[in-house]
Amino acid sequence: MKKISGSILDFFVAKKWVVCEDEDYYEAYAYAIKDWMIKLIFIAIVTCIAIFFQQVFEMAGFIIGFVLFRRFAGGVHFSSSKWCMFFSILLCLGNCILMKFSTYPVVAVVVIVAAGVSLINTIAFAPLVHSFDPKSADQLTKMRKLSFFSVGTCFLSAVLTIALRNAHPFFYSYCFGVGMASMTLLLAWLENNISDRKEYQS
């Protein structure tokens, strides 16, 4: 992937579509191209999965819920973007399988658990940002409020799912997406605790 992004950037530079003043600019542009390539590959794969399972709206609901919550609340980040894409695809696949083959009672239990877990994790951990992305106190307060807003929409989706047995699958996929995203908060908290303990012991 790095070689491909480098080749694309070299082509852009040769065509004078991009000007790289020094090595830092080159590395930044190459990283941006690689990042976009991974995103496009991810979109292509999850689109194929959604079409295969006939779960386009369900996939959209899950991704919106997951990304929206992650944007506000933060969460664990893998060191490699490839691993991040791999596990994101697994989650999207799991959502499609769940929504395709589960009966209503199972879906109802899932959205209730997802809503409850998202609330607990948000109260306990949100927002959880990395040291390389520092935030001011005002920004953190805003992110926490938006995290609870996301959880609120999750609860609304859960209520609609339970109250209306024929509610659109988008709603409970959205709820499941928020719930799964909130679990990355727990994982990030565990990761930080383990890192702190190792530093303390050393």
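1. In what order do the elements of the chain run from the N terminus on? The order is α-α-α-α-α-α-α. The chain has seven helices and zero strands. Both are DSSP runs, numbered from the N terminus: helices are H or I with at least four residues, strands are E with at least two.

2. A word on the source. This is a predicted model, where local features need pLDDT of at least 70, side-chain atom pairs count only at pLDDT 80 or more, and totals for chains, interfaces and linings use all residues. Residues are numbered from 1 along each chain as its sequence is written, and side-chain values use heavy atoms, with hydrogens and water left out.

3. Along the principal axes, the C-alpha atoms fill a box of roughly 60 × 45 × 30 Å. Of the 202 residues, 35% count as buried, meaning under 20% relative accessible area with a 1.4 Å probe, protein chains only.

4. Residues 24 or more positions apart account for 77% of them.

5. The largest pocket has a volume of about 1400 Å³. Of its 38 lining residues, Arg 70, Val 76, His 77, Cys 84 and Ser 88 are the closest to its centre. A pocket is an open set of points on a 1 Å grid where a 1.4 Å probe fits, with protein on both sides within 12 Å along at least five of seven lines; lining residues have an atom within 4 Å of a point. The volume is the space filled by probe spheres set on the points, which are joined across faces, edges and corners.

6. Helices H2 (23-53), H3 (56-73), H4 (81-101) and H7 (169-201) each supply at least two residues of that lining.

Definitions and conventions: Buried < 20%, exposed > 50% of the residue type's maximum accessible area, 1.4 Å probe, protein only. Contact = heavy atoms within 4.5 Å.
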